[in-house]
Amino acid sequence: MGYKEEKQRQLDIRYMKMARIWAENSYCVRRQVGALIVRDKMIISDGYNGTPSGFENICEDEAGKTKPYVLHAEANAITKVAKSNNSSEGATLYVTSSPCIECAKLIIQSGIRRVVYADSYHSSDGIELLERVGIEVVCVELSE
């Protein structure tokens, strides 16, 4: 591995650690997921899984099932950058769990060119869709 690749790997690990810390903001009990969007070595957006603005901060119903209107961390980060003056064109998304297919569609449309994740989601459909359109997908395992 060359110097440039090693430097990128170290950056990926650091941003992923930050995304994991950001996930702690989630009120979800079943799974806490964090996301950061980075462009030109600047964090331009962040997100974590949770309910939409104005809703109670309870992600699961009485049976422990995730409520259907809970937003994924990637969707929160992408919609947050959409409300700002920033652009996610060419950016990297760091997310603690690999994207589902719905989030993968948002990632494609947002212009994000690279996705780095730590843990695998129960389905690989999202990763397969991202790779199909040429978005670079990287798994970074964090040692605890």
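A: In UniProt, an unreviewed entry lists residues 10-130 as "domain: CMP/dCMP-type deaminase"; UniProt positions are given in the numbering used here, feature names are shortened, and annotations may be inferred rather than shown by experiment. The model is predicted, so local features need pLDDT of at least 70 and side-chain atom pairs count only at pLDDT 80 or more, while totals for chains, interfaces and linings use all residues. Residues are numbered from 1 along each chain as its sequence is written, and side-chain values use heavy atoms, with hydrogens and water left out.

The span 10-130 is 33% helix and 21% strand, and its end C-alpha atoms lie 23 Å apart. Helices (H or I, at least four residues) and strands (E, at least two) are DSSP runs, numbered from the N terminus.

Glu 74 sits in helix H2. Its relative accessibility is 3%, so Glu 74 counts as buried; buried means under 20% relative accessible area, exposed over 50%, and partly exposed in between (1.4 Å probe, protein chains only). Leaving out residues up to four places away in sequence, Glu 74 touches Ala 35, Leu 93, Val 95, Ser 97, Ser 98, Pro 99, Cys 100 and Cys 103, where contact means heavy atoms within 4.5 Å.

Two of those neighbours are cysteines. The sulfur of Cys 100 has its closest cysteine sulfur in Cys 103, at 3.9 Å, which is too far for a bond; a disulfide is a pair of cysteine sulfur atoms within 2.5 Å. Cys 100 is buried, at 10% relative accessible area. Cys 139 is in no disulfide either, and its nearest cysteine sulfur, that of Cys 100, is 17 Å away. With 39% relative accessible area, Cys 139 is partly exposed.

The whole structure has one disulfide. Cys 28 and Cys 59 form it, with sulfur atoms 2.3 Å apart. The torsion about their S-S bond is about -75°, so the disulfide is left-handed. Cys 28 belongs to the loop between H1 and S1 and Cys 59 to the loop between S2 and H2, so the pair ties together parts 31 residues apart in sequence. Cys 28 is buried at 6%, and Cys 59 is buried at 2%.

Leu 93 and Val 95, both touched by Glu 74, are among the residues that touch the most other members of the largest nonpolar core, which has 21 residues. A nonpolar core is a set of buried Ala, Val, Leu, Ile, Met, Phe, Trp, Tyr and Cys residues joined through side-chain atoms within 4.5 Å. Elements giving two or more residues to this core are S1 (34-39), H2 (73-82), S3 (92-97), H3 (101-110), S4 (114-119) and H4 (125-132). H2 supplies the largest share, four residues. A second, separate core of 12 residues includes Ile 13, Val 138, Val 140 and Leu 142.

The strands form an open five-stranded sheet in the order S2-S1-S3-S4-S5, with mixed pairing; two strands pair if DSSP finds at least two bridges between them. S2 (42-48) and S5 (136-139) are at the edges with a single partner strand each, so one side of each has no neighbour in the sheet. Twist from one strand to the next averages 20°. Helix H1 (residues 3-23) packs on the sheet, touching S1, S2, S3 and S4, and its direction makes about 55° with that of S3. Axes here are lines fitted to C-alpha atoms, for helices over the stretch in contact, and angles run from 0 to 180 degrees between N-to-C directions.
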